[in-house]
Amino acid sequence: MGLFSRKKEQIDPNTIYSPFVGKVMPIEKLKDKTFAGKVMGDGIAVVPTEGKIYAPISGTISALLDTKHAYGITSPEGYELLVHIGQDTVNLKGQHFETKVKEGSKIKKGDLLGTFDIAAITGKGYNIATPVIVIAGGEFSIKSKAKNGNINVGDVLLTVGK
């Protein structure tokens, strides 16, 4: 192995990594009934403690609203993820959110996707607990979820399979 050689990180395409530093909680505990009831799909929630969102998988940004609070990501394997920062944060109309990507962007696991101001968002009365959902209707389902508690960017959050 050469001086500047690095072992290439092996990324499991069926693993979804944490896009945040924060605390994991069950999606069923969210106050938003649409997410808690798994209407859009199953997943998990993270309460971010840092205002940065990183790519939880490699893939393509398939949806990015003008309000910059929600990211749709499609994996090369065909499953779709929704990362919706906070609850009812669409009402902020993009205020306190910045994005570093656009719809159609190719992303790699760990890329910085955007930033958000947790203090300003929660200061306006919004809950920052963030669902990470595998969109329903596809052939993929969740096989495992991270345990409740602290999580760092890049830690395993969910695994999916057919």
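In this predicted model, a network of salt bridges links E28, K38, D42 and K145. A search of the whole structure returns four salt bridges.

D42 in turn forms a salt bridge with K145, with 3.0 Å between the closest N and O atoms. Here too distant parts of the chain are linked, since D42 belongs to strand 3 and K145 to strand 12 (residues 141-145), 103 residues apart.

How exposed are the members of this network? The relative accessible area is 30% for K38, which is therefore partly exposed. E28 is partly exposed at 41%, D42 is partly exposed at 25%, and K145 is partly exposed at 34%.

The largest nonpolar core has 35 residues, of which I16, L113, F116 and L157 touch the most other members. Elements that each supply at least two residues include strand 3 (41-48), strand 10 (112-116) and helix 2 (118-123). Strand 14 gives the largest share, three residues. Leaving out residues up to four places away in sequence, the contacts of L113 include I53, Y54, I61, Y71, I73, V101 and I107. Another core, of 10 residues, lies apart from the largest one and has L30, A45, A129 and I133 among its members.

Conventions:
Residues are numbered from 1 along each chain as its sequence is written. This is a predicted model: local features need pLDDT of at least 70, side-chain atom pairs count only at pLDDT 80 or more; totals for chains, interfaces and linings use all residues. Side-chain values use heavy atoms; hydrogens and water are left out. A nonpolar core is a set of buried Ala, Val, Leu, Ile, Met, Phe, Trp, Tyr and Cys residues joined through side-chain atoms within 4.5 Å. Buried means under 20% relative accessible area, exposed over 50%, partly exposed in between (1.4 Å probe, protein chains only). Helices (H or I, at least four residues) and strands (E, at least two) are DSSP runs, numbered from the N terminus. Contact means heavy atoms within 4.5 Å. A salt bridge is a side-chain nitrogen of Lys or Arg within 4 Å of a carboxyl oxygen of Asp or Glu.
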